[in-house]
Amino acid sequence: MNYLLNKDNKRAFIVTTVFIFISVIVVLLSLNTGTLKISPLKIIQTFLGQGDFESSTVLFDYRMPRILITMLAGIGLGISGAILQGLSRNHLADPGILGLHAGAAFGLIIFVTYFHSMDKNIALFIPLFTFGGGALTALLIVLLAYDRYKGLLPIRLILVGIAISAGFSAITLFFSLRLNEETYSFASRWLVGNIWGRDWINVMALLPWILILAPFTWIKSKTLNALSLGDDIASGLGVSVEKNRILLLAAAVGLSCASVAMAGGIGFIGLVAPHLARRLVGTMYQHFLPLSGLIGLIILVLSDTIGRSIFQPNAIPAGIVVAAIGTPYFLYLLAKTK
Amino acid sequence: MLNCFSSRILKMNARNYLMIALFSSIILGVLLCMVLAVTFGAKQLTFHTVWSAIFDYNPTVTQQQIIHELRFPRVIGAAVIGAAFAVSGALMQGITRNPLADAGILGINGGAMLVVALCFAFFPSIPYSLLMVFSFVGALISTLLIFLISSAAPGGLTPIKLTISGAVVAAFLHSLSTGVAIYFNLSQDLAFWYAGGVAGIKWAHLKVLLPIILATIILGIFLGRSVSLLSLGEDTAANLGVKTNRVRLVGIIAAVILAGVSVSAVGSIGFVGLVIPHISRKLVGGNYQLIIPMSALLGAILLILADLGARIVDPPRELAIGIMTALVGVPFFLYIARKVGRGL
């Protein structure tokens with residue numbers, strides 16, 4: 001047993017290291033892409049403080065904030081999906097499919113309707129609003145999918161999620177049609193997953209959420225392992241089921257809704273990343289949770305780069321690129337489930 | 001013996017009379033709703049004006065012009081398209097034996113929307129009749145896709161799988177059409193389409209729409225007998241002499257025509273095809289020969305009222321009609337999903 005665990009640990013360590021390298025390469029590639037090409041060597045030089053004025057302006061004022069947001073959002077979505085899949089014991093769970101993003105969109109629209117501007121320091125409050133919307137949706141979905149005798153039914157969870165997200169989308173549509181043209185086009189781009197945060201203040205708005213919640217869930221990995229085995233086994237192992245479930249659900253909602261606040265309604269990362277991670281390093285949360293975040297990061301940064309570079313002159317939102325990869329994968333998983 | 005027989009005839013007659021009474025009252029309801037919808041709106045008109053616009057039309061009077069050129073096509077359009085969506089839902093629910101089937105939920109509307117978006121991007125000046133054909137083709141492709149995917153699963157074509165894969169394909173197609181809209185700078189034109197609305201319907205559209213939809217609905221009614229048997233189960237139907245594959249094919253194509261054609265005119269309006277067939281089934285029982293015409297009538301009523309509601313909540317602005325139908329549809333979907341989920 002001990003030997004096996006050690007072997008698993010080693011494997012997880014190696015795979016995670018490899019993926020850290022891959023993500024560094026992807027990020028460098030993405031920093032390089034844009035109207036103004038900057039070679040990787042020059043990027044490293046600039047980071048070391050030896051770049052010329054032009055490339056340091058482009059890097060630090062324009063590309064860095066955007067890429068940091070993309071990275072953080074990818075991590076947040078990947079981890080959030082992993083938590084949700086464990087909590088619901090449903091391999092098809094994803095914050096987008098469950099309707100959390102529709103709730104977050106509702107929160108965002110409320111914010112835009114009442115504050116009118118998204119500039120400067122006020123951007124710090126956006127994640128709070130999307131979190132509020134997401135939490136409301138999560139509450140509704142859990143209440144409606146709860147069966148008095150059987151607990152949370154996995155498939156019903158998804159059906160209820162579909163319905164709730166249709167409902168929230170209708171309300172969001174109602175508000176967004178009342179906005180002026182400029183805000184409307186912002187909202188419609190946001191809804192399909194456009195990484196709009198471009199300033200350091202947006203990074204600051206997202207950073208604390210990921211920095212606090214991601215380590216928190218990693219500490220809780222043992223609890224997640226127990227919970228994903230079933231309520232009875234978990235409570236047999238000495239986990240207080242209800243308390244931990246609510247805490248972890250809140251963490252998942254916080255991670256995904258804060259990410260979505262800055263990166264738009266991007267679905268499927270929370271579905272695909274944990275699956276790939278589980279295939280690579282096994283089902284122990286302490287192993288696959290960090291990897292899931294890394295894979296989320298890689299997928300989102302790559303999608304954003306593809307959307308920006310291939311489809312010129314009008315960049316395609318990253319969410320559409322992700323959906324183009326994620327939908328077939330979801331359907332494949334759905335076809336496999338009995 | 002004779003006595004027993006005649007009492008049965010009496011009973012059947014009683015049921016027939018009941019049905020006739022039910023249908024005529026619903027038809028009256030449709031007419032009443034139409035008159036209401038023509039009368040009320042951003043500009044209030046009197047019944048008298050409406051009356052004279054119908055029977056004594058005078059093109060020089062502005063109010064009569066409003067009625068003739070704007071309100072009539074709009075209200076008739078709402079009725080026809082409501083009927084189309086409802087019948088399409090009824091056919092699909094009967095054929096797939098899936099109580100959650102609806103052209104919006106299953107992603108059929110999504111395929112039509114994507115093709116409409118592509119048409120806007122590449123052939124902005126396409127005539128309406130051609131757009132309709134393209135929209136139908138889009139709906140057909142997405143239907144094929146969804147059925148193929150969910151029948152590839154080991155458990156077969158279960159209602160829940162069909163619904164989930166439909167919803168995901170719908171979301172995907174929607175994000176693709178948004179992508180097309182953003183890439184070709186069409187957001188403004190398509191926003192109207194997404195919201196779904198009967199405001200843009202003109203007489204020219206109706207001339208094409210009306211015959212196609214009515215003919216398809218009549219085809220659906222003729223299919224009704226076989227669909228009712230099919231809804232009992234495939235083996236039962238086959239034993240009773242129904243050519244199941246042929247009926248299924250024709251029925252699904254009819255449903256797709258109805259959905260695709262409607263989407264080309266008003267965009268995606270969800271939930272009509274989900275809610276109405278259930279209500280009709282409660283009213284007339286499990287016979288699709290009755291369910292289909294009843295769905296058509298009730299669908300017409302629902303969409304006329306939804307459009308009327310969208311117009312008068314906050315005049316002169318108009319709410320999107322899709323919001324009104326979602327308000328009714330979402331709780332209903334949850335209720336049905338709970339019932340279906342109980343079988344798990």
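Visitor: How many residue pairs in polar contact does the rule find across the interface of chain B and chain A?

Guide: This is a predicted model, in which local features need pLDDT of at least 70 and side-chain atom pairs count only at pLDDT 80 or more, while totals for chains, interfaces and linings use all residues. Residues are numbered from 1 along each chain as its sequence is written, chains are lettered from A and ligands numbered from 1 in the order in which they are written, and side-chain values use heavy atoms, without hydrogens and water. Across the interface of chain B and chain A, the rule finds 0 residue pairs in polar contact, both at pLDDT 80 or more. Such a contact is a pair of N or O atoms within 3.5 Å; within protein, one must be able to donate a hydrogen and the other to accept it, and residues adjacent in sequence count only if both atoms are side-chain atoms.

Visitor: What makes R66(A) and D304(A) a salt bridge?

Guide: The term requires a side-chain nitrogen of Lys or Arg within 4 Å of a carboxyl oxygen of Asp or Glu. The closest N and O atoms of R66(A) and D304(A) are 2.8 Å apart, so the pair qualifies. R66(A) lies in helix α3 (residues 53-88) of chain A and D304(A) in helix α13 (residues 285-309) of chain A, 238 residues apart. Helices here are DSSP runs of H or I with at least four residues, numbered from the N terminus. The structure holds 4 salt bridges over all chains, but the rule finds 0 across the interface of chain B and chain A.

Visitor: How do you know which residues of chain B and chain A are in contact?

Guide: Contact means heavy atoms within 4.5 Å. By this rule, 39 residues of chain B are in contact with 42 residues of chain A.

Visitor: What is the area that chain B and chain A bury between them?

Guide: Buried area is the accessible area (1.4 Å probe) that two parts lose on being put together, summed over both. For chain B and chain A this comes to about 3,600 Å², 75% of it on carbon and sulfur atoms. In chain B, I164(B), I182(B) and Y183(B) lose the most area to chain A, together 18% of what that side buries.

Technical notes. Helix = DSSP H or I, 4+ residues; strand = E, 2+ residues; numbered from the N terminus.
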